[in-house]
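Open the model in your viewer and keep the sequence panel beside it. This tour tells you what to select at each stop and what is there.

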Amino acid sequence: MIIIFLRHDDYFYNYFAMREKQFIILERILPFISGVTPTGESKKLASFLDRLSAAVNPGNTAQQFMNELNELNAQFRSHELPKTHDEFVTRAGLFYIIHELEQYLEIKQNFLPDDQRTKMIKSKKKKRIDESNQRKVIKKTNKVVIRC
């Protein structure tokens with residue numbers, strides 16, 4: 001598949017620049033995620049990250065995730081203060097991750113998606129998947145089974 005970028009068309013350049021900024025944030029939080037001790041709070045944040053990762057697409061769903069992240073942050077702030085140093089370190093890491101995820105979502109919110117292009121990309125992707133599935137069906141039906 002060949003994609004042609006027009007000189008006067010900065011949409012895809014800006015889209016990938018936005019994704020690059022988000023990727024940098026993910027790189028920054030990775031050491032904190034891998035170092036978090038499993039707690040009820042960390043499991044809630046992990047669940048949030050699972051839902052967020054499943055919703056990455058050219059459309060703009062950042063606001064709903066920003067609202068959910070703010071609720072999560074408020075819940076964490078209402079919890080009792082950490083009693084041990086390890087609990088404190090874990091909680092601090094979680095707050096750092098939340099702060100970085102807010103930046104991640106703000107980057108996405110500030111990017112204005114082009115609905116027409118998003119629909120075009122989705123339809124091309126669906127067409128490729130359909131064609132791929134058709135080729136698989138044809139290959140399966142063209143197989144010759146030789147039994148001895």
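A helix here is a DSSP run of H or I with at least four residues, a strand is a run of E with at least two, and both are numbered from the N terminus. The expected span of a helix is 1.5 Å times one less than its number of residues. This is a predicted model, in which local features need pLDDT of at least 70, side-chain atom pairs count only at pLDDT 80 or more, and totals for chains, interfaces and linings use all residues. Residues are numbered from 1 along each chain as its sequence is written, and side-chain values use heavy atoms, leaving out hydrogens and water.

**Whole chain.** Colour by secondary structure: the chain has 5 helices and 0 strands. Of its 148 residues, 27% are buried. Buried means under 20% relative accessible area, exposed means over 50%, and partly exposed lies in between (1.4 Å probe, protein chains only).

**Helix H2.** Select residues 40-54. This helix has 15 residues and reaches 22 Å from its first C-alpha to its last, close to the expected 21 Å. Now show the side chains of Glu 41, Ser 42, Leu 45, Phe 48 and Leu 52, the buried residues of H2. Looking down the axis of H2, you find the buried residues within an arc of 115 degrees, so they line one face of the helix. The arc is taken from the directions from the helix axis to the C-beta atoms. Lys 43, Asp 50 and Ala 54 are exposed on the other side of H2. What do the buried residues of H2 pack against? They pack against helix H3 (62-78) and helix H4 (85-110); contact means heavy atoms within 4.5 Å.

**Helix H3.** Select 62-78 next. In H3 the buried residues are Ala 62, Phe 65, Met 66, Leu 69, Leu 72, Asn 73 and Phe 76. They fall within an arc of 125 degrees seen down the axis of H3, so they too line one face of the helix. Gln 64, Glu 71 and Ser 78 are exposed on the other side of H3.

**The core.** A nonpolar core is a set of buried Ala, Val, Leu, Ile, Met, Phe, Trp, Tyr and Cys residues joined through side-chain atoms within 4.5 Å. The largest one has 25 residues, and Leu 45, Phe 48, Leu 52, Leu 101 and Leu 105 have the most contacts inside it. H4 gives the largest share of this core, 7 residues. Finish at Leu 101: leaving aside residues up to four places away in sequence, Leu 101 touches Ile 29, Leu 45, Phe 48, Leu 49, Leu 52 and Leu 69.
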